[in-house]
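Biologist: Could you walk me through this one, and tell me what stands behind each term you use?

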Amino acid sequence: MGETKNEYRLLLPLLPFLAIVPFLSLQGDNNSTDFAWLIVVAPFVAFPIILIVGQVYNKNETWKNSFKEGGILGLAALLVSLSTTIWILYDYLIGNADINNNDVVSWLEWISFDILQADYTMAQNRVLGVGVWIDSLSLMLLFVATFLCFLICWFAIGYMTTDPINEDSNHRFFAEFVLFSLGMFGMVLADNFLWLFIFWEVMGLCSYLLIGFYYWKESAAYAAKKAFLTTRVGDVFLMVGLLILYDIYGSLDFAVVFDDPSTGVGGVLVDSGQLFWALMMLFIGAVGKSAQFPLHVWLPDAMEGPTPVSALIHAATMVNAGLYLVARLMPFVDVHHHGVSGLEDFGLIVAWIGGITAFMAASIAFVQNDIKKVLAYSTMSQLAYIFTGLGSALYFLNIDEYYAGYFVLGASLFHLFNHAMAKGMLFMASGSVIHEVHHAHDHLHHGSDDGHHDFDPQDMRNMGGLASKLPVTATAMMFGSMSIIGIPLIGGFWSKEGIIAKTWTAYFEGETLMLGPAILILATAGMTGFYMSRMWFMTFAGEPKSDVVDHVHETTPWIKEPLIILTIITAISGFVLAVLGIVDFLSNKTDDLSLHGKSLTDKIIYELEHAFLPDDMKVRMVGWLTILLSFIVGPIMASRVHGGSLKEGEKANLFVGWLVKLSGKFGKQDVSWLSESQLAEALDKRLYFDDLYEGILARTVIPFADFTAWFDRNIVDGIIKQIESKSVLGSFEVRKFTTGSAGDYILMATVGVICIFVLLMGVSF
Amino acid sequence: MIDPSWISGLGVILFGIGLLGAFTRKNAIIVLMCIELMLNAANLNFVAAASHYGDVDGWVFTAIAIAIAAAEVAIGLAILLSLYSTQETISLDEANILRN
């Protein structure tokens with residue numbers, strides 16, 4: 001594999017970038033947060049360089065091979081961001097004196113004006129500055145974003161530069177990629193709502209550009225438009241929400257707003273009804289960005305983008321932006337710490353939206369055959385879990401049960417972490433599968449036009465039995481799926497358990513309206529077990545379903561490393577971080593909570609007890625029911641339909657071999673009758689939401705657009721054209737005065753002077 | 001001492017002659033001369049007023065106006081020269097290519 005070795009030599013230019021942050025940190029008493037701007041600026045510098053240099057050296061071989069069309073530059077920029085993040089995280093974790101909770105570093109007063117006060121003195125009012133806001137929430141999300149952006153960029157170098165369909169335009173991809181990363185980092189670091197919104201929009205733009213990367217494909221262009229417009233609906237509401245917030249608090253700075261959310265500008269007590277609508281508007285923005293019901297329609301179509309984009313936008317970063325925004329709203333409702341009471345309804349609405357989306361997305365995922373679409377719906381469903389958890393947290397905090405509130409807030413954010421890691425990896429693994437299947441297909445039917453153009457490398461019905469062909473990918477996907485399903489002890493189990501338990505607790509403690517979300521997410525746990533197992537079995541287990549499978553090999557460089565790293569993280573991080581007290585850490589209230597000051601063994605026992613044997617008998621029942629549904633019922637049903645051992649002579653590796661063998665042991669069940677039912681068709685059509693929206697748009701927006709087009713053509717343009725043609729006619733008349741004879745000009749000048757004299761005399765008398 | 005109104009009257013007459021000439025004559029050099037005549041009519045008024053009020057400002061204005069008139073004549077004659085070299089005429093009736 002001399003060629004492969006050569007490939008990794010390209011990483012050598014990264015070494016100086018790796019050295020930047022250690023150099024800064026070792027140099028005297030530099031404060032890490034003073035360098036937080038590096039996180040955003042590094043991609044910002046890389047973006048134009050990649051774009052312009054790429055345009056110049058488009059067809060150049062050196063550019064293509066040794067810079068991977070800018071991928072290496074992007075990787076370098078993201079490396080700087082990642083190492084800076086780790087530096088700040090390290091400082092934060094060792095409790096550096098300079099960083100405490102909610103540290104704000106402000107560099108610049110961007111917009112500020114002086115205000116004349118009632119006693120005739122001037123006061124400076126900081127409207128908008130540039131700064132960073134660092135607490136455990138933003139640090140966690142920042143780490144997730146930088147880490148995954150780095151790995152996905154690495155993966156994209158392998159994936160995009162060997163992608164057969166986009167010759168010579170990869171610099172565009174990498175430029176948009178780093179711009180997107182910039183948006184995400186900036187949004188997380190922003191220390192006020194307006195900056196958050198600006199970076200939020202940067203992400204929206206880049207998601208549009210990246211989804212439509214294959215813009216010559218009609219479906220990709222359509223998907224990009226759909227994603228952009230759907231999220232724009234949410235963004236308009238978000239903007240309204242920000243205006244209401246400004247109206248209440250007179251500032252959008254976190255420092256001002258969160259200092260005491262119960263008193264608004266001028267010391268007035270905040271009206272909970274007004275604040276409720278502000279929060280609702282912000283929540284609708286989050287719903288659009290995180291693809292929740294009813295603004296969920298864009299996410300499945302967004303899979304038209306290249307697979308690294310799916311991993312980046314739809315797993316690791318952008319969809320988490322909405323969750324981040326909702327998690328940021330906690331201080332408003334936290335009645336224990338100056339919050340505004342009377343906002344339980346907001347928490348219930350968030351939880352209901354989450355529950356509905358979780359159930360709906362999981363049920364649609366049952367019938368998808370496209371491997372990326374399954375993952376897309378799974379993303380929606382898992383994000384909805386987190387929303388349900390955040391809804392419960394909002395509810396608990398608002399009725400002053402702050403222990404439960406912070407616990408479920410921490411669990412939700414922990415689930416965000418687990419899900420981002422697992423889903424980023426799953427998307428990359430699916431990319432690996434698609435890539436290798438596509439290459440095998442090209443190899444097999446090389447140069448022959450025998451009607452294989454309709455071959456879809458993403459369709460799981462063309463796969464099967466890939467476990468022995470793609471060992472690393474199969475292992476990665478198995479651990480990722482386990483984390484998403486919530487197999488005990490792995491990844492997402494710890495966080496999902498917490499969310500479900502606390503949502504049920506809210507019901508048990510007398511809030512009957514919580515029953516709906518609680519039942520929905522419990523059912524979804526079992527459904528997740530089914531559809532994730534189904535995806536894995538359809539792809540990796542059983543006999544091959546097409547002749548392409550025999551020719552699949554895991555050869556492309558750059559693709560395996562991120563998968564291996566993330567597999568390890570997904571497999572162990574759930575347990576390790578839970579024991580280390582990440583739930584307390586993320587909820588940002590370290591002093592009050594449970595794990596403080598215990599020994600490691602005690603912590604392990606405490607966590608295991610809480611996961612499997614909670615004190616409350618009813619919660620314990622719910623927990624065991626979740627495990628039963630997601631671990632036993634779902635996967636076994638899936639293996640009865642799609643499982644099976646490999647072809648004779650094929651051997652899968654240690655990690656996945658047992659699973660493949662096991663999947664063949666539960667017998668076979670034929671479900672073809674089910675797939676012809678009306679329910680299956682409805683699910684296949686995504687429960688008709690897309691048709692409904694398109695119908696509504698066709699009735700309302702399109703006639704309106706036609707009318708405005710007519711109005712523009714005939715009224716606006718008509719008036720302009722009338723003015724234009726009339727003035728042309730007028731100018732013909734005026735031209736007659738220029739006779740060309742000097743005598744006439746002198747006469748006119750004389751008459752003019754006389755007129756001026758007459759006027760002046762008229763004025764002076 | 002002559003009454004300044006006589007001198008002003010002379011100025012008005014000179015100005016009228018100049019204006020009439022500028023309107024009616026076709027020869028560009030004559031028109032230029034007529035313009036000079038009008039300028040000098042104005043100068044005469046300045047000088048008359050200056051001597052009447054015993055104020056030096058009028059003389060200063062006159063000196064400046066004469067300098068400007070000289071510069072103007074230089075430019076005017078240069079234009080006429082190039083007009084003649086291209087159009088072979090200095091009749092204002094024939095030099096009308098800027099019309100309409």
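Modeller: Helices (H or I, at least four residues) and strands (E, at least two) are DSSP runs, numbered from the N terminus. By that rule chain B reads α-α-α along its sequence, with 3 helices and 0 strands. This is a predicted model, where local features need pLDDT of at least 70 and side-chain atom pairs 80 or more, while totals for chains, interfaces and linings use all residues. Residues count from 1 along each chain as written, chains are lettered from A and ligands numbered from 1 in the order written.

Biologist: What makes residues of chain B count as being in contact with chain A?

Modeller: Their C-beta atoms, placed from the backbone, must lie within 7 Å. On that basis 11 residues of chain B are in contact with 10 residues of chain A. Helix α1 (residues 4–24) of chain B gives the most to its side, with 3 residues.

Biologist: And what makes a residue in chain B buried?

Modeller: Buried means 20 or more other C-beta atoms within 10 Å of its own; exposed means 12 or fewer, and partly exposed is in between. Buried residues make up 11% of the 100 residues in chain B.

Terms used
Two residues are in contact if their C-beta atoms, placed from the backbone, lie within 7 Å.
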